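Welcome! Here is a short briefing to read alongside the sequence and the 3D view.

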Amino acid sequence: MTSTVKYLLTEDQMPTAWYNIQADLPAPLAPVLHPATHQLIGPADLAVLFPMELIKQEVSQERSIEIPEEVQQIYRQWRPSPLYRARRLEQALDTPAKIYYKYEGVSSTGSHKPNTAVAQAYYNKQEGVKRLSTETGAGQWGSALAAAGAMFGLEVLVYMVRVSYAQKPYRRALMEAYGARVVASPSTETASGRAVLAEHPNTTGSLGIAISEAVEVAAQAGDTRYALGSVLNHVLLHQTVIGLEALKQLEMAGDYPDIVIGCTGGGSNFAGIAFPFIGANMRGETNTRIIAVEPQACPSLTRGQFTYDFGDTAHFTPLVKMYTLGSTFVPEGIHAGGLRYHGMAPLVSHIADLGHLEARAEHQLECFAAGVQFARCEGILPAPEANHAVKTTIDEALRCKETGESKVILFNLCGHGNFDLQAYMDYHAGKLQNTAYSQEEVAMALAGLPVIA
Ligand SMILES: *Cc1c(COP(=O)(O)O)cnc(C)c1O
């Protein structure tokens, strides 16, 4: 019997600062532009949506940003999270590779999302905000923000993508248990929701549409700010506790990764595990391979265009330069709901453009097969999103078997799948299909990109 190998840090070994990769970029990010005028946007333009402290973090060039004590206290409920060596999976694959996974499913709501939800709720509370509006895809972000809002005494309003609202009733029940109000998106409560419904009454909804609704509400109500669960620089910043802890834990194990792998929807859990390692690569200290894995059904990094686009469907958000499939792109209702976003975080996009990461896209059936194999070896059922990272990890470990190389692989197991059992039922019943887009379909969605003078 192989014994489980677990690397635990004590509470006082938890990082007390987040890592800001902007300090190590060889070229700065492209500026953010106003959605209507296409002029450079300043901090004041964003103040209706976000508290000033988060806007400062968005543009900060400091390498290290202190985690407020109150946020650290809440983090300590589940952090530092464990790092495991997947010995049973290694054995099943008969690979000479060493596989490590950082497990973020130990948080209150079962994923990495609380790492930023708690920080965002804290800064909003500090600045006197009463209510947060947001969108959620699979429900992971909505539940994380609902829990964080409850802890800080903030109201939370969640626009939940319609297909997930139907597929994931338990996520909705969880958000409501925390006291949040959950509305299926597109809804009749906002002008942007009504506009989409008038044109596409049977739409599955999308994150781009739900973001428009949440932003519209925040822009109109003085006591309400908007919170985003991925994509933005400050969100990716908050997630870097994952990689910073993993660095220390691998040091305990006496290893350093040759390959770091994360799945990418908007890019936040990937950034969380990978940015500290990419930073070391950029500083010339290491040469770690970094792999971002996305679904074939929503392939922004591998088939999108690196250009300015809106973050939402109704074009309320600023224009950011990112890999995008076009803001009107509505991906198939695949079960990895957290990965159904038309764009990729500007930071992750920029780093991809600079050649500091490899991107690949996988089909959902192969990802579920990998997730089930992982669960049978390691006991943890991964979230459908995380299965993309599991699939790539298994592929890389099998390649090591061919070449006989004993590489060290680290991946982010960003959440458990205990709320996603319908997805696993559908998978085992043979109801899931692979979808890939034709070149024409991708080109059509890209044709609607804004033209920047
Ligand atoms: C939200 C979510 C994702 C996708 O978002 P990223 O910002 O790309 O991390 C992936 N996995 C899980 C478990 C999620 O909750």
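What takes up the space of the largest cavity? The ligand does; a cavity is a set of points, on a 1 Å grid over the protein atoms alone, where a 1.4 Å probe fits but cannot get out. Please keep in mind that this is a predicted model, where local features need pLDDT of at least 70, side-chain atom pairs count only at pLDDT 80 or more, and totals for chains, interfaces and linings use all residues. Residues are numbered from 1 along each chain as its sequence is written, and side-chain values use heavy atoms, with hydrogens and water left out.

**Around the ligand**

**Polar contacts (N or O pairs within 3.5 Å)**
- The side chain of Ser 230 has an N or O atom 2.5 Å from an oxygen atom of the ligand.
- For Gly 265, a backbone N or O atom is 2.7 Å from a ligand oxygen.
- Ser 268 places a polar side-chain atom 2.7 Å from an oxygen atom of the ligand.
- The protein buries 97% of the 380 Å² that the ligand exposes when taken alone (Shrake-Rupley method, 1.4 Å probe).

**Aromatic pairs**
- The whole structure holds 14 aromatic pairs (ring centres within 6.5 Å).
- Tyr 101 and Phe 374 form an edge-to-face pair (planes over 60 degrees apart), because their ring planes are at 75°, with centres 5.0 Å apart.

Conventions. Polar contact = N/O pair within 3.5 Å; in protein donor to acceptor, adjacent residues only side chain to side chain. 1 Å grid on protein atoms, 1.4 Å probe; cavity = no way out; pocket = protein on both sides within 12 Å on 5 of 7 lines; lining within 4 Å. Sits in = over half its atoms within 2 Å of the grid points. Phe/Tyr/Trp six-rings, centres within 6.5 Å; stacked < 30°, edge-to-face > 60°.
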